[in-house]
Amino acid sequence: MTLERVVKPHIRELAPYEPGKPPEELERELGVVGAIKLASNESPIGPSPRAIAAVREALEGLHRYPDGACFALRSRLAEHFGVEGKQLVFGCGADELLELTAKTFLGPGDEAVYAWPSFAMYPIVVKGMGATPVQVPLDADLVHDLDAMRAAITDRTRVVFVCNPNNPTGTSVGAEAFDAFVASLPEDVVLVVDEAYYEFARRPDFPQAIEWLARRPGTMVMRTFSKIYGLAGLRVGYGVCDPEMADYLNRARHPFNVNRLAEVAALAALDDTEHAARSRQVNAEGAEYLTRELTDLGIEVWPTDANFLLIRAGEGFFDKLQREGVIVRPLDGFGMPDCLRVSIGLPEENERLVKTLARLRKGRA
Ligand SMILES: *Cc1c(COP(=O)(O)O)cnc(C)c1O
């Protein structure tokens, strides 16, 4: 038998998600030692010590299944957001919430509208259900073109994804534009607001998407513990929505999708507000430093509300940086071969990126 004959055509045509290369892989493949990774928007300061302690303490209980309902984390977040516990859905990373949304609301013939370039998982989950992706180009400033997205909605549209702040550009939409867009949406379109970088946003008019939950059924706001809380390796994220939507997503969910360690670490991380504040501070200072230094080198840098920067370093710099042990994210796949996405690191990591780029670009132009 040839699998090619039985594999679903929409799965065969998928391009797998390409994660940022860990330094060990770079050492294995290219023999580059001592590399730094600024490629996956991970927290440069690591997880809260309280989260680490909570994980250690939970190790003895690993023979037990996790709490499939995530009761403790659910209660904690429900209180934080002023919603009912049954309005929360947890996932193995926020990625799983995207997958659950696609599984629950999309099939062949259905359309999902989202901006492009945006998060690389949107086409994967949409096409993975055999549905049709409708990618709406960002505007000239690489910001979501919400008017064009609204215009792209048809009778076949079931889901709209808004990534705010947007990955891989770091740009964001403000409250006025966002609220007008949401108010204009047809009732029977599911709105997913992906706020993976919410905690880093600095613009004063950043939208309060959560406030739409009470007013617009079929709206979900997604957050994650992978970014500001530094728990990417444990995989835990969540969506807040109305109880009916949460109920449907829960039917599609595997029972133990958030593991024991992830739940206790997430709870402890929420309690360590000082650590989260430090993460935000290190990021804001790094954004400022990198923007200033890279601009001085003649490199275009886009404004960011996230923990990474979009920069126009010129073509070929992904490979050149990698050989120098600085791992960043190439954007060739988005049709932007002259741009890079660089995660904001610790001061010494940021400095190494700047110095390496300065050296590599010398003699150019
Ligand atoms: C990182 C990221 C996520 C999800 O991350 P998880 O690690 O799966 O929680 C979701 N959306 C965007 C835009 C991201 O950058």
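Two strands are taken as paired if DSSP finds at least two bridges between them. The legends below refer to a predicted model.

**Figure 1. Strands S12 and S13 of the predicted model are joined in antiparallel fashion.** Two bridges connect S12 to strand S13, which spans residues 340-343. The partner of Pro330 in S13 is Leu340, the two residues being linked by a bridge.

**Figure 2. An open sheet is built from four strands.** The strand order is S9-S10-S13-S12, and the pairing is antiparallel. In general, the strands of a sheet pair through backbone hydrogen bonds, in either a parallel or an antiparallel manner.

**Figure 3. The chain is divided into two parts, domain 1 and domain 2.** Domain 1 comprises residues 19-46 together with 274-361, whereas domain 2 covers residues 49-271. A distance of 25 Å separates the C-alpha centres of domain 1 and domain 2. To their contact, domain 1 contributes 23 residues and domain 2 contributes 25 residues.

**Figure 4. Area is buried between domain 1 and domain 2.** The size of an interface is often expressed as the accessible area lost when the parts come together. Between domain 1 and domain 2 the buried area is about 2,100 Å², and carbon and sulfur atoms give 59% of this area. Within domain 1, the residues that lose the most area to domain 2 are Arg280, Asp305 and Phe334, which together account for 33% of what that side buries. Across this interface of domain 1 and domain 2, zero salt bridges are found by the rule. By contrast, the rule for polar contacts finds 11 residue pairs across the interface of domain 1 and domain 2, with both residues at pLDDT 80 or more.

**Figure 5. Helix H12 and strand S10 belong to the side of domain 1 that touches domain 2.** Helix H12 (273-296) and strand S10 (308-312) are the elements that give two or more residues to this side. H12 provides the largest share, seven residues. Sorted by class, the side of domain 1 that touches domain 2 holds 11 nonpolar, nine polar and three charged residues.

**Figure 6. Cys70 has a positive phi.** The phi value of this residue, which is not glycine, is near 50°. Cys70 is placed in the loop between helix H4 (49-58) and helix H5 (71-81). As background to these last two views, most residues other than glycine have a negative phi, and most peptide bonds are trans.

Key: Residues numbered from 1 in each chain as written. Predicted model: local features only at pLDDT ≥ 70, side-chain atom pairs only at ≥ 80, totals over all residues. Heavy atoms only, no water. Domains from an automatic or database assignment. Contact = heavy atoms within 4.5 Å. Buried area = accessible area lost by both parts, 1.4 Å probe. Salt bridge = Lys/Arg side-chain N within 4 Å of Asp/Glu carboxyl O. Polar contact = N/O pair within 3.5 Å; in protein donor to acceptor, adjacent residues only side chain to side chain. Nonpolar A, V, L, I, M, F, W, Y, C, P; charged D, E, K, R; others polar.
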